[in-house]
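Let's take a walk through a protein fold together. Have a look at the model below and keep it in view as you read.

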Amino acid sequence: MGVKTYPAIEGSILEGLSRILGDTNYGLTGTEIGKFLPEVGIKDVDSTNTKWKRIYNAFVTYQNEKKISNNILKFIIKSVSPARYLGKNEQFEHIREELNKRLSFIGLEYKANGKFTNSTKSNTISEAEQKANRLKSKLENRNAHSEIFKYCNAELLVENYFHTVFEAVKSVADKIRKKTGLTGDGAELVEKAFSIKNPLITINDLSTETKESEHKGFANLIKGVFGMFRNTTAHAPKITWEINEQDALDILSTISLIQRKLE
């Protein structure tokens, strides 16, 4: 009886698997990647790139040549073998859980015994709803501003955390425009709204130098959020702008602080 052939894995799922395997905190080391790729017959075509992109490019190159995913699944079995995680069960289960979230979209599950089994295929909405519920719960524990929860829904999280953060940052500019009647955007909007000489929004009475400094610092915080997150997400493709759950929580908490101050 011949070896079962597994079809090629769709690109976004392949990217997700690569990100888990190459994660900085709990994924494989560069040395391990260099060891396991050739062991399963996959060319290490981009060895100088970041870990997850190195894995992703190796996987894509293999699939483009072979039109199947067999050796990619072998790589998972080899690199995430239970025997390699003796004494590190928590790390093993975390990686396995994250891999299985992605593998569920192709009807596979990686079991605790280091073998694959068939599973019921997931759909993107159900996965996104699970993420949304988890994100909302963690933001509730942080007592986030009510405005933030508008952006923690399944429709946005279908696109990962990228669009959630993007839309939440846009909400800050919208609130400033509503409070001031201004029509601008970005740093120009902030500078007009928080001008020291003729402020349209203040967070204190500006009666001392210290209070003026606080006011200016808050305006700079908003400009920084726009510059680092909104402008970046507006122009960078998702594959180069990495936002995981922890990043999203920290960014959304900062936006929550801004929303509270604006009131």
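Predicted model: local features only at pLDDT ≥ 70, side-chain atom pairs only at ≥ 80, totals over all residues.

Of the 263 residues in the protein, 42% are buried.

So what is the chain built from? There are 11 helices and two strands. If you trace them from the N terminus, the order goes α-α-α-α-α-β-β-α-α-α-α-α-α. Now think about contacts between residues with a separation of 6 or more: 58% of them link residues 24 or more positions apart.

Next, zoom in on helix α4, which covers residues 70-79. Seven of its 10 residues are buried, so the rest of the structure largely encloses this helix. Which ones are they? They're Asn70, Asn71, Ile72, Leu73, Phe75, Ile76 and Ser79. And what do these buried residues pack against? You'll find the helices α1 (11-21), α2 (30-39), α3 (51-66) and α5 (89-103), along with the strands β1 (108-110) and β2 (116-118).

Finally, check out two loop residues. Lys67 sits in the loop between α3 and α4. Its phi is near 65 degrees, which is a positive value in a residue other than glycine. Leu206 belongs to the loop between α9 (186-193) and α10 (209-235), and its phi, near 55 degrees, is positive in a non-glycine residue too. Are these two buried or exposed? Lys67 has a relative accessible area of 56%, so it is exposed. Leu206 comes in at 16% relative accessibility, so it counts as buried, given that the cut-off for buried is under 20%.

Note on methods
Residues numbered from 1 in each chain as written. Heavy atoms only, no water. Buried < 20%, exposed > 50% of the residue type's maximum accessible area, 1.4 Å probe, protein only. Helix = DSSP H or I, 4+ residues; strand = E, 2+ residues; numbered from the N terminus. Contact = heavy atoms within 4.5 Å.
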